[in-house]
Amino acid sequence: MIEDKDYIMRLTHEVVRTLIRLLFQKDIDKDEEAGVSAEMAVRYRELLAMIKDGQVNEAENLLLDEMDPANPAYFELGLLFYEKLGAQTEEFLESHNYTQDEVVEGLKYFVDCYGYGDLWDTISR
């Protein structure tokens, strides 16, 4: 378990940012257009609304249930989902039965499912 929660938040953001830069040639910190594809926009807004409403586990379950390793747009959606989830405070997450460590575990699992586990290992060191 990683103890420094700020470190976990930064790690999550930087891993997602790096993957999106490498795979989609977008910079989520600089590009106003660096959002999900139009094809995924509705689902992304729904997932973010679920997070906001405290349905964190339910949102992650929905994301993982619909995961399609053949669809790069869904991979981008998932990366951005975990980036937004990782930006939540530990207090918010804990009040909804979730933790920053679970964000990292979920993101790693998601990245592994898309075949980028080795890249994750390289980036997250």
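Which residues do ring pairs link into a cluster? Select Phe75, Phe81, Tyr82, Phe110, Tyr114 and Tyr116, which ring pairs join into a cluster; rings of Phe, Tyr and Trp (its six-membered ring) pair if their centres lie within 6.5 Å, with planes under 30 degrees apart counted as stacked, over 60 as edge-to-face and the rest as tilted.

Before going further, note that this is a predicted model, in which local features need pLDDT of at least 70 and side-chain atom pairs count only at pLDDT 80 or more, whereas totals for chains, interfaces and linings use all residues. Residues are numbered from 1 along each chain as its sequence is written, and side-chain values use heavy atoms, with hydrogens and water left out.

**The whole chain**

The C-alpha trace spans about 35 × 35 × 25 Å along its principal axes. Of the 125 residues, 45% count as buried, which means under 20% relative accessible area, with exposed over 50% and partly exposed in between (1.4 Å probe, protein chains only). Among contacts (heavy atoms within 4.5 Å) between residues at least 6 apart in sequence, 64% join residues at least 24 apart.

**The aromatic pairs**

Return to the rings: a search of the whole structure finds six aromatic pairs. One of them joins Phe81 and Tyr82, edge-to-face, with 5.1 Å centre to centre and 80° between the planes. Phe81 is buried at 0% relative accessibility, and Tyr82 is likewise buried, with a relative accessible area of 0%.

Next select helix α3, residues 56–65, and colour its buried residues, which are Val56, Ala59, Glu60 and Leu63. Seen down the axis of α3, these buried residues fall within an arc of 95°, so they line one face of the helix; the arc is that of the directions from the helix axis to the C-beta atoms. Their cover includes α2 (41–52), α4 (72–86), α5 (90–95) and α6 (100–113).

From Val56, step across to Leu85, whose C-alpha atom is separated from that of Val56 by 8.1 Å although the two are 29 residues apart along the chain. Leu85 belongs to helix α4 and is buried at 0% relative accessibility. Not counting residues up to four places away in sequence, Leu85 touches Ile51, Val56, Leu93, Tyr98 and Val103.

Now centre on Gln100 in helix α6, a buried residue with a relative accessible area of 0%. Its side chain reaches the backbone oxygen of Gly86 at 3.2 Å, and a polar atom of the Gln100 side chain lies 2.7 Å from the backbone oxygen of Gln88.

Finish at His13, in helix α1 (residues 5–24), which counts as buried at 17% relative accessibility. The side chains of His13 and Glu83 are joined by a polar contact of 2.7 Å, a term for a pair of N or O atoms within 3.5 Å; within protein, one must be able to donate a hydrogen and the other to accept it, and residues adjacent in sequence count only if both atoms are side-chain atoms. Leaving aside neighbours within four places in sequence, His13 is in contact with Ile28, Asp29 and Glu83.

Notes. Helix = DSSP H or I, 4+ residues; strand = E, 2+ residues; numbered from the N terminus.
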